[in-house]
Each structure stands twice: as structure tokens, then as C-alpha cells.
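Please have the sequence and the 3D view open while I talk.

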Amino acid sequence: MKMKFHWFAEATYPHLPDDFPERGLSSWVNTPRELMDPVKVGEMYHMFIRLMQQADRDGFDGLAVNEHHQTPFAMTPSPNLLAAALASTTQNAAILIIGDSLALYNPPTRVAEEMAYMDCVTGGRVIAGFVFGTPMDSVFAYGNPPPELRDRFHEARKLIQRAWDAKEPFAFNGRYTKLRYVNTWPKPVQEKIPIWVPGSGSLETWDLVIDENYCYGHLSFSGLHSAKPMVDAYWDYVEKRGGDMNPHRMAFTQLICCAATDAEAEAKYYEAVRYFYRMNTLQPAFTMAPGYTSIRSQQAMAEHIKNSPGLKPEDRARAQKGEMSFWEYDDKGYIIAGTPQRVRQRVRDLAKDLRIGQLIGCLHMGDLVEEVAGENTYLFGNEVIPHLRDLWADQPDYWTPKVSQQRVAARAQAASAAKVAAQ
Amino acid sequence: MIPGRKTVGDFDVRVWTGGAGSPILYLHGWEQHPGSAPFLQRLARTHEVIAPECPGYGTSTGFEHLHDLQDLILYTRELLASYGKGPVDVIGHSLGGMFAAELAIAAPHLVRRLVLAAPYGLWMDEHPLPDAFVLMPDALAKAQWHDPSKAADETSAFDPAAGDSAATYRTINLTTASKFMWPIPDRGLTRRLRYLAAPTLVIHGESDGLVPPVYEEAWAAGLPGVKTLRIADAGHVPMVEAEDAFVTAVNDFLG
């Protein structure tokens, strides 16, 4: 099975004042709401829907949506809303919901119902991402006591899977959810909805994806060099535990900036890339909470970083402040930019280096205008993806829906036949 | 005060004990057990002091068996009963104040008098408590102390020999605290106050920015007959910042 490429963007509010970072404001949890114009938010949502519909036509394998709360960085409080809009207006790509923050749904059968709804509407194109949610989202915005978050997640996860599989109504007596009659309508089209679980290095999450053979996701936005220590440590851990080393069960996010020439890429994307990083002014107090990460995992993460430091802290700080040049962002791995030829090679190297079979490309970032994001989508879909389909082709992919695989392949065949005919 | 360990059911906890006289159970605050603190030693001159560490703090185990506040209170009741002392006086500081009040409600036969110092547990919409977990060190010190330089006088139960770093010790402690304080340190004590029969003294440090003295009003509203006392030049840790005033107030009240 071929390597997969999914279209994604953080739905970032594009109209923050330029001096937002200098004002010392937080971009998460308590960002002043007076900075937001809801009419413009509506326009933004429409733009993302149009771009993802285009991605569906342009050969992407999946359309990825995510969940965040109380932040202009990603204004998608319910990924299922955006996913539902795409489910009923696209034909080929998987709907990659990456994912629902399970601890935040009460009762979590809501997730089972809504994902089943989308699986029905799409004829079986749903990928179910289950996430813990960042500390900002799950423990600050939504108030979960940190030591309960994982428990709540696992209880919900088991309930949802059982709700999908059940042949008849069952009673569920959980610690957090008690339901006398679990019997969700609709039920999914797929016999087994593929499940993905992203993480940021917690050993407990690694154990989970190994034990359940889920697809794991390292969803950072700082690229190869920054992620390499953790991703390498992950694969070492999988190997040590005798887990499945199939690259199709590893997803990674990467900012992509494609243009006709390298110079054009710089001219078109540089300010948007800077906006993406500069405006995400996380406050340290909200990025961690006691008990969110176990002591065991904290120690393991510190060890990975010590053994293989990846990016220097001062580079990370400069990237965050928008102080890198366009090509330094590219060089350090934050973005992959340039002509389709250049992007192809860099994505190939990245996929091999990190052993990734599912690339979640961020084809829109920051305050990028729609026209450029559309061009990015077109070039990546038509000039990059077809040239990378040989990657990991010898490995089975159980983590992408069969229906979307078939439809995307059929669309690619038709596109290449049309190209030949045109020549 | 002498450190030791005690096992009660699923819980194995550290306990500091010392002194002789009418017994006092001391329940520590949200950040940590104070170890063999000077104020405990002074109380031990006239009392037998039993000061357990809450499960989930330091090296005290059993946190995973605490699904909710009731589990903790029933465990504490069993711990106290295991000493076979009959009714004892209970002092609860900060988060330990919430636990002490709940214990007095759940086990009136085991609690004679109650002293609550800067207690969590109540909530006033018109005076929302600050989120203690997001305050950065400087802001936290300012909220917690009348004179932040006094923080250096605070004793601790941190034991480097246990193998944890100071940072890990703090994370362990605050993880447990968050179970009962996150996102709002109110687990329903207000509606249960009517069952609190033990004579109660509520102490606030005048400069406490975490649990400000205005909370006296909430205690008085829920607990007619409560005695309240403000200690000058003290914040959230009056037993350290104003040791004399604190010990005197406790001894006067307990008699």
C-alpha cells in the first residue's frame, strides 16, 4: 500500500493585531475575545471548507480536522462540525478526525454516534482519532482534574468501541459514565473504523497504540529536527516491545509551502509562516499541569532529549518569535518549501528518516490568503503526491479506510489517463 | 516530631508523631506536609500530635484508590480510629482544612474541636479564589505570603533519599491536590456544613491572597457559631509566618 497524504490546517484566526505577541497576551485559554470578529470567523470557516473540498478533488488521501478550545490558533471546538460539512460534500478522501478529545464528551457515546453518522454519510471514509487534548484544552478550558484525564479517556474509548461493535444493547457501568442502555443509531459502515491516537511522547500512549495496534501520530509543528529524538525513541520502543513497525501506522504533521519557484515560495508564504508561529503565544502556566504527564513519562522524555537534543532551545525560541528567515525555517525543518521538485525530495527524506506512512501536510498556515493555499493544494496534490506513491508500497495499510483508498486510487488513475490524453 | 509510616487498608503513608497530652490530628496544606515543623513541635509540648501525609503526597501511597473525596474521608476516619484515641482535636490547613471539616462531618464521634487555617472548600462567586495552579513562582509567593522572604522558613517533607528531585516531589504533591482543587476547590462542603457539630475556629492570615479573609463570611453563613480569627502579618501559611500567634490561638481554642 502506498504512502498517504492528508490535507490539514489549523483554523487560525487571521486578523490578530500585528503587535499581539508584544502585548504579552496568551493565545490560548484567556485570549481577549474583543480581538475576534465573528463575521470574519465565518468567512474563515467557509475558506477552509472550500480548500478541503479542493483537496478532495486534487488527490489527497484524507482531510484532517482537529479539536481545540478557547484559542485563535485553532478555532475548531468541535472537529465533527467541520468534518460533517466535508462528509456530505466530498467524494474520495478519508475524513480524518484527529481527533475528538474523548474526556470532554459527556456521555462519550456522542462520539460514537457522530463518527458513525459521518461514516454513513461518506460510505465508510471515516478515520477516528481519539485524543487526550492539550493541557490548555482539556484541563484548563474544560476543567478536568489532570490526574483524571487519562482514566476518563480510556473509559470513553472502551465505551465508544464497544458501542460500535455491539450486536445488542448493553449496560455500561463506568466510573465516569453510567448508561443503562447503550444502543447507538446510526452504526458505522466500516466493520472496524481505523483508530489513530496522537501523542507527545508519553509512554502510556505508546503502550496503548502498541497494544491496540492503533496508528500513532506525532503532531508537532516544528518539523524533522525537532521531532527526530522523540520519533526515533518511539520506534525504538515499538521494536523493543515487539510492536508492529509498519510505517503506515505513524502520522506526522508538516508545514508545506509549494510554489512555481523557490523565490516565489518565499514571497508568498514567509509572512504567513511567521504569523503561524509568532501569534501562538502560549503561556507557560497553561502548557503544563501537575499530573497531565506521568512522572515516568516526564523522566523518559527528558532522557530522550538528553541523548539526542534535536533542535537547540535558542533555535526553538527564535522560530517561535518569527525571527528566522524563510529558508532557515526550511533548513531547520519547520517548513518544507519551494518548487514541487524540491518539496518531493524533502518529503521523501522526511518520510524515510522518521519512518512515516501518513503525512499530514499543513497546506494552509497563519494568515495565508486562500488563493495561495489553493495553489499549494493543487501543486502538492498533482505535482508532489503522485511522485511519492512508491514509498512504503510494500507494506499493508490497515489505518486508512478501504473505500477512500479505492476512490483516491481511481481518481488518480483517471487524472493520469486524462493527462496522457491531453499530451 | 518523629517520622514513621503507617499502613491502613490500601494506603501506606508517612506520619510524623510527637509529644504527649490531649491528641491533635494535623492535616497539612495543598502544597506539602511540613515535616517536623517548629509549630508542630511547639504544639507537641502540650499535645500528642499526629500529622499524617495525605495519600498521593511525597512517598505516601494509595492515591489510585481515591476516586473521590468520600474515599479520602473514610480512609482518614479509619486512620484516625486506628490510633484508638477517641475524640481528638483536628487542625486542618488549606486543602487539609477542607478535609478536616469533612472528617468532622463524617465522623463526629472522632472529632472534638476543629481548627481550620486558611481552609479551602467553600466558594463565593463574588470573591472567586485565584487559580493556585497557574500562578508562576513569583506571583504564587506574593499571593501566599505576607512577606515572601518568609517562604525560606517553611519546612518540608521532601526526602532526597526517596530518589525524587524537588521538582518531581512538587509535581507529585500538586497532582494529588488537583484531584480535590481542580478546577474549583469546592467539592460540596457548603451544603454539608449544616452537619458540622464540632466547635470550630477558622483562622485566616490577613494577607492571604489564595484564600482571602473575606471567606470568613462564607464560613459564618454556613456555620452559625463558628469562631473566626484574623492573624496580622501572615498569608496562607500563618503557622510559619506568625508562629506565635498561630500556636497561641490554637492552644487558647483547644484549651
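Let me begin with a term: a salt bridge, as I use it here, is a side-chain nitrogen of Lys or Arg within 4 Å of a carboxyl oxygen of Asp or Glu. Please also keep in mind that what you see is a predicted model. With that rule, a search of the whole structure turns up 36 salt bridges over all chains.

One of these joins A:D397 to A:K4, where the closest N and O atoms are 2.9 Å apart. This pair links distant parts of the chain, since A:D397 sits in the loop between α14 (370–384) and α15 of chain A, while A:K4 belongs to strand β1, residues 4–8, of chain A, and the two are 393 residues apart.

Now let us turn to the place where the two chains meet. How many residues does the contact take from chain A and from chain B? It takes 18 residues from chain A and 17 residues from chain B. Between them, chain A and chain B bury about 1300 Å², and 69% of that area is on carbon and sulfur atoms. On the chain A side, A:R175, A:P290 and A:I295 supply 37% of the area that chain A buries against chain B, which is more than any other three residues.

Across this interface the rule finds one salt bridge, and it is formed by B:K179 with A:E148, whose closest N and O atoms are 2.7 Å apart. As for polar contacts, five residue pairs are counted between chain A and chain B, with both residues at pLDDT 80 or more. If you look for the elements of chain A on the side that touches chain B, then α4 (135–141), α5, α9 (284–287) and α10 (295–307) each supply at least two residues. By class, that side of chain A has eleven nonpolar, five polar and two charged residues.

Next, the second largest pocket, which has a volume of about 730 Å³. It is lined by 27 residues, and those closest to its centre are A:Q190, A:E191, A:K192, A:I193 and A:P194. Two helices of chain A, α5 (146–165) and α15 (402–422), are the elements that give two or more residues to this lining. The lining residues divide into 13 nonpolar, six polar and eight charged.

Finally, some points about the backbone. Most residues other than glycine have a negative phi, and most peptide bonds are trans. A:N106 and A:P107, however, are joined by a cis peptide bond with an omega of about -5°, and A:P107 is found in the loop between β3 (94–101) and α3 (109–122) of chain A. In chain B, a cis peptide bond joins B:W182 and B:P183, with omega about -10°, and B:P183 has its place in the loop between α5 (166–181) and α6 (189–192) of that chain.

Methods. Residues are numbered from 1 along each chain as its sequence is written. Chains are lettered from A and ligands numbered from 1 in the order in which they are written. This is a predicted model: local features need pLDDT of at least 70, side-chain atom pairs count only at pLDDT 80 or more; totals for chains, interfaces and linings use all residues. Side-chain values use heavy atoms; hydrogens and water are left out. On a 1 Å grid over the protein atoms alone, a cavity is a set of points where a 1.4 Å probe fits but cannot get out, and a pocket is an open set with protein on both sides within 12 Å along at least five of seven lines; lining residues have an atom within 4 Å of a point. Grid points are joined across faces, edges and corners, and a volume is the space filled by probe spheres set on the points. Helices (H or I, at least four residues) and strands (E, at least two) are DSSP runs, numbered from the N terminus. Ala, Val, Leu, Ile, Met, Phe, Trp, Tyr, Cys and Pro count as nonpolar, Asp, Glu, Lys and Arg as charged, and the others, Gly among them, as polar. Contact means heavy atoms within 4.5 Å. Buried area is the accessible area (1.4 Å probe) that two parts lose on being put together, summed over both. A polar contact is a pair of N or O atoms within 3.5 Å; within protein, one must be able to donate a hydrogen and the other to accept it, and residues adjacent in sequence count only if both atoms are side-chain atoms.
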